[in-house]
Amino acid sequence: MDVLHFIFGVFGNAFALFLFLAPTITFRRILKNKSTEQFSGIPYVMTLLNCLLSAWYGLPFVSPNNILVSTINGTGAAIESIYVLAFIIFAPKREKAKILGLFAFVLTVFAAVALVSLFALDHKPRKLFCGLAATIFSIIMYASPLSIMRTVIKTKSVEFMPFFLSLFVFLCGTSWFIYGLLGGDPFVPNGFGCGLGATQLILYFIYRDKGTSKQATPEESLEMGLSKPDKTKSNKESNPNGA
């Protein structure tokens with residue numbers, strides 16, 4: 001059981017690392033153009049908060065035997081911080097102000113959770129408090145692609161929902177779900193991420209042959225699908241099918 005627990009934790013680390021690194025192509029484009037264009041920075045800020053809280057939850061004095069949770073989420077927090085910094089530098093003024101405000105919110109929430117858990121709680125109450133906080137913001141993070149799923153259904157095109165991203169969301173969520181079940185930890189199981197990934201894959205196979213979307217470029221095939229779709233373009237592509 002301990003061996004399987006460790007193995008699925010390693011799988012979860014590997015799949016999560018892929019998800020964290022997937023936007024690097026998008027950010028290479030942002031750095032090249034010195035503009036965030038129509039990409040939204042909100043999901044990256046919320047992912048940063050989730051990583052910080054999950055890394056804190058996995059520390060031995062909060063939740064024993066969950067160090068693999070801390071290693072990948074600590075790495076994720078560092079990666080997401082770079083993404084957020086890029087948005088702060090290259091986003092338009094209005095978007096920059098929004099990201100800065102959210103970033104301040106993230107630091108405030110994390111600091112509050114950390115301080116309360118250290119100085120006001122002990123042992124089981126600490127684990128419960130930190131676990132609930134991490135779970136709530138994990139659900140918010142995984143819910144961010146819901147708008148993309150709505151776009152897929154509306155346009156009957158999977159152009160804005162890359163297949164490999166959906167696949168790795170499913171694999172990552174499933175790995176952590178099994179890891180949590182094997183470890184008997186109610187806060188590690190990631191049923192929401194597993195279900196979201198499965199739903200995205202189902203939508204992909206339903207709409208992959210529909211619509212007249214253009215062939216995806218290598219960059220688009222790996223981007224996070226978090227850009228704000230060009231409605232004019234989407235309408236033009238969906239009209240031939242009566243959408």
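At what angle do α3 and α5 pack, and how far apart are their axes? They pack at an angle of about 10°, with the axes 10 Å apart. This is a predicted model, in which local features need pLDDT of at least 70, side-chain atom pairs count only at pLDDT 80 or more, and totals for chains, interfaces and linings use all residues. Residues are numbered from 1 along each chain as its sequence is written, and side-chain values use heavy atoms, with hydrogens and water left out.

**View 1. Helices α3 and α5.** Helices here are DSSP runs (H or I, at least four residues), numbered from the N terminus. Axes are lines fitted to C-alpha atoms over the stretch in contact, and angles run from 0 to 180 degrees between N-to-C directions. At about 10°, α3 is therefore roughly parallel to α5 (angles under 35 degrees count as roughly parallel, over 145 as roughly antiparallel). Contact means heavy atoms within 4.5 Å. Residues of α3 in this contact include Leu-49, Leu-53 and Trp-56, and those of α5 include Phe-103, Val-106 and Phe-110. By class, the contact has 17 nonpolar, one polar and one charged residues (Ala, Val, Leu, Ile, Met, Phe, Trp, Tyr, Cys and Pro count as nonpolar, Asp, Glu, Lys and Arg as charged, the others, Gly among them, as polar).

View 2. The structure holds one salt bridge (a side-chain nitrogen of Lys or Arg within 4 Å of a carboxyl oxygen of Asp or Glu). Its partners are Lys-98 and Glu-95, at 3.8 Å from N to O. Both residues lie in helix α5 (residues 93-119), three residues apart, about one turn of the helix. Lys-98 is also among the α5 residues that meet α3.

**View 3. Helices α3 and α4.** The axes of α3 (residues 42-57) and α4 (residues 67-90) come within 8 Å and cross at roughly 155°. The two helices are therefore roughly antiparallel. Among the residues in contact are Tyr-44, Asn-50 and Cys-51 of α3, and Asn-73, Glu-80 and Phe-87 of α4. By class, this contact has eleven nonpolar, eight polar and one charged residues.

**View 4. Helices α1 and α4.** Helix α1 (residues 2-21) packs on α4 at an angle of about 5°, with the axes 9 Å apart. That angle makes α1 roughly parallel to α4. Phe-6, Asn-13 and Phe-20 are among the α1 residues that meet α4, where the partners include Ile-72, Glu-80 and Tyr-83. By class, the contact of α1 with α4 has ten nonpolar, five polar and one charged residues.

Technical notes: Angles under 35 degrees count as roughly parallel, over 145 as roughly antiparallel, 65 to 115 as roughly perpendicular and the rest as oblique.
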